Structures are given as C-alpha cells and as structure tokens.
Amino acid sequence: MSLLSLKDVCLTYFSADGETQALNNINIDINDGEFVSIVGPSGCGKTTILHLISNLLSPTKGEIKLNIPADKSFIGYMFQKDNLLEWRTIANNVYLGLELQGKKNKENMEYADSLLKKYNLWEFRNKHPRELSGGMRQRVALIRTLALKPSILLLDEAFSALDYQTRLSVCDDVYDIIKKEKLTTILVTHDLSEAISLSDRIIILSHRPAEVKHVITLSFDKENTPLQKRQSPLAKKYFDIIWEDLK
C-alpha cells in the first residue's frame with residue numbers, strides 16, 4: 001500500500017473573471033521512504049499539488065489519501081527561503097515549530113537537540129542565523145522541520161535561493177539526512193539535474209491544466225551521492241528524456 005495517494009484529483013480556481021482549471025485528473029502514488037520529484041512547465045501547477053497534499057487547498061474533485069494514523073500524519077513543508085528568525089538563536093529556531101504546535105516538552109526538545117548533534121550543528125546552537133552560511137541555514141531549517149517528526153516532507157524549490165556551488169553541497173547534505181531519517185519526500189523543482197540526482201522517481205507534468213504526462217523510475221546505484229549521480233552517464237540520458245517530454 002502506498003503512503004500517499006492522489007486519485008483523479010482536479011483543481012479549478014474560480015474568480016469574477018471566470019474559471020481556470022489548474023489540474024486535471026492527477027493520479028500519483030508515493031511509497032513509504034521514497035524520494036519523488038515533480039517537474040513540468042512553469043505555471044503548470046507543481047506547487048499547487050504540494051498545497052493540496054498539505055491541506056492548504058482542497059481539490060475541486062478527486063481524493064487525496066494519507067495511509068497512516070491521524071496522530072502521525074504531520075506533513076513538513078520547506079520553502080525556497082529558510083525563514084529563520086534572525087533574533088532567535090539556532091536552537092530556538094529549531095524549537096519554533098514545537099512551540100507553534102504546542103509540543104515543546106522535554107522529550108521533544110531532547111529529540112531536536114539530538115538532531116542538532118547528529119548533523120553537526122550543536123556547536124552553533126547559541127549563534128544567530130546571520131552567523132551561519134546559506135547551506136548551514138538550510139540544514140537548520142530542515143532540522144526544525146524534522147523535530148516535528150513529519151511523515152512526509154514537501155520541498156518547494158528548497159535549494160533555489162542558494163548559489164550553485166552551495167546548492168550542490170547542500171543537496172548532498174540534505175539527501176543524506178533524508179535517507180538516514182527514512183523520510184518520504186516530494187520535491188518540486190525547475191532544475192532537472194537536481195531532480196535526477198535526488199530522486200527515486202520523477203513525475204513529469206504537462207502544460208496547464210496539468211496532467212501526469214510521464215513517470216520515470218531512476219536506476220542509479222543507491223549508494224551514490226547526488227553529486228556522483230550528476231556525474232554519471234545515466235544523468236544525461238535521463239535529462240534528454242525529460243527535456244523531450246517538457247518540449
């Protein structure tokens with residue numbers, strides 16, 4: 001059984017000027033522990049799908065089903081910007097989600113601290129975001145999300161605000177964390193190489209109203225890092241296939 005299922009999902013926006021259909025009969029199954037990327041033309045509705053999964057929007061038609069107990073169904077959402085609060089220390093930024101969810105107790109704070117230690121940020125816990133590099137800030141943002149023990153992690157262009165060199169390094173770091181935590185992840189990105197290097201599968205959407213045009217299962221060595229996958233001859237093969245679909 002899949003962890004998350006979207007069945008015949010449609011979304012239409014209504015305004016005084018009329019109707020705009022964004023999604024048309026989207027069918028997607030995401031398995032437990034899988035890393036899936038969604039790519040497609042600009043404005044086709046990639047981020048809209050994340051909004052539906054996270055209940056920020058409701059579908060006009062169709063069903064979205066999360067196949068886990070309700071008390072364990074928290075969905076983590078990371079955006080382009082890390083959204084760290086500059087006046088709070090790194091530790092207090094990591095605790096922020098726990099505060100907002102009313103879950104800031106000893107057990108959960110100790111778990112958050114363990115993540116800071118595990119991923120080499122403990123020594124920076126009393127510093128402020130401005131004192132950290134862009135890559136480290138993104139790791140803090142991820143740990144803030146992980147502290148809430150999400151069942152699914154949604155990444156919306158989560159690395160696009162970083163410069164290219166930092167982006168490559170952070171992709172390796174974040175991928176390593178996600179795999180160690182066995183976290184089911186859905187990434188929306190315009191960067192095809194990024195999608196190829198991180199994903200188990202890639203879902204390609206059509207122009208709006210978006211439909212699932214193609215699903216590609218990637219066959220890299222599971223032990224390879226994202227950077228190693230980028231350097232593989234397979235990466236160009238997958239890039240060409242996806243580019244043809246997008247054209």
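**Cysteines and helix packing**

Modeller: Happy to! C44 is buried, with a relative accessible area of 1%; buried means under 20% relative accessible area, exposed over 50% and partly exposed in between, using a 1.4 Å probe and protein chains only. C171 is likewise buried, at a relative accessible area of 1%.

A word on the ground rules. This is a predicted model, in which local features need pLDDT of at least 70, side-chain atom pairs count only at pLDDT 80 or more, and totals for chains, interfaces and linings use all residues. Residues are numbered from 1 along each chain as its sequence is written, and side-chain values use heavy atoms, leaving out hydrogens and water.

Back to the sulfurs. A disulfide is a pair of cysteine sulfur atoms within 2.5 Å, and the count by this rule is zero. For C44, the closest cysteine sulfur is that of C10, and because it sits 15 Å away, it is too far for a bond.

Now to the helices. Helices here are DSSP runs (H or I, at least four residues), strands are runs of E with at least two, and both are numbered from the N terminus. Let's begin with α2, residues 90-100. Eight of its eleven residues are buried, so α2 is largely enclosed by the rest of the structure. Those buried residues are I90, A91, N93, V94, Y95, L96, G97 and L98, and they pack against α3 (106-118) and α4. Just after α2, G102 takes a positive phi of about 70 degrees.

How do α2 and α4 meet? Their axes come within 7 Å and cross at roughly 40 degrees; axes are lines fitted to C-alpha atoms, for helices over the stretch in contact, and angles run from 0 to 180 degrees between N-to-C directions. I90, N93, V94 and G97 of α2 meet V140, I143 and R144 of α4, where contact means heavy atoms within 4.5 Å. By class, this contact has four nonpolar residues, two polar and one charged. Here Ala, Val, Leu, Ile, Met, Phe, Trp, Tyr, Cys and Pro count as nonpolar, Asp, Glu, Lys and Arg as charged, and the others, Gly among them, as polar. An α-helix has 3.6 residues a turn, so residues three or four places apart point the same way.

Helix α4 (residues 134-146) also meets helix α5 (residues 164-180), with axes that come within 10 Å and cross at roughly 25 degrees. The two are therefore roughly parallel to each other; that term covers angles under 35 degrees, with over 145 roughly antiparallel, 65 to 115 roughly perpendicular and the rest oblique. α4 passes α5 in a right-handed crossing. From α4, the contact uses G135, Q138, R139, L142 and L146, and from α5 it uses T166, V170, D173, V174 and I177. Five of these residues are nonpolar, three polar and two charged.

Let's finish on α5 with I178, which lies in this helix and is buried at 1% relative accessibility. Not counting residues up to four places away in sequence, I178 touches F35, L153, L155, L183 and T185. I178 and F35 are 143 residues apart in sequence, while their C-alpha atoms are 8.8 Å apart in space.

Key. Left-handed = near helix turned anticlockwise from the far one by under 90°.
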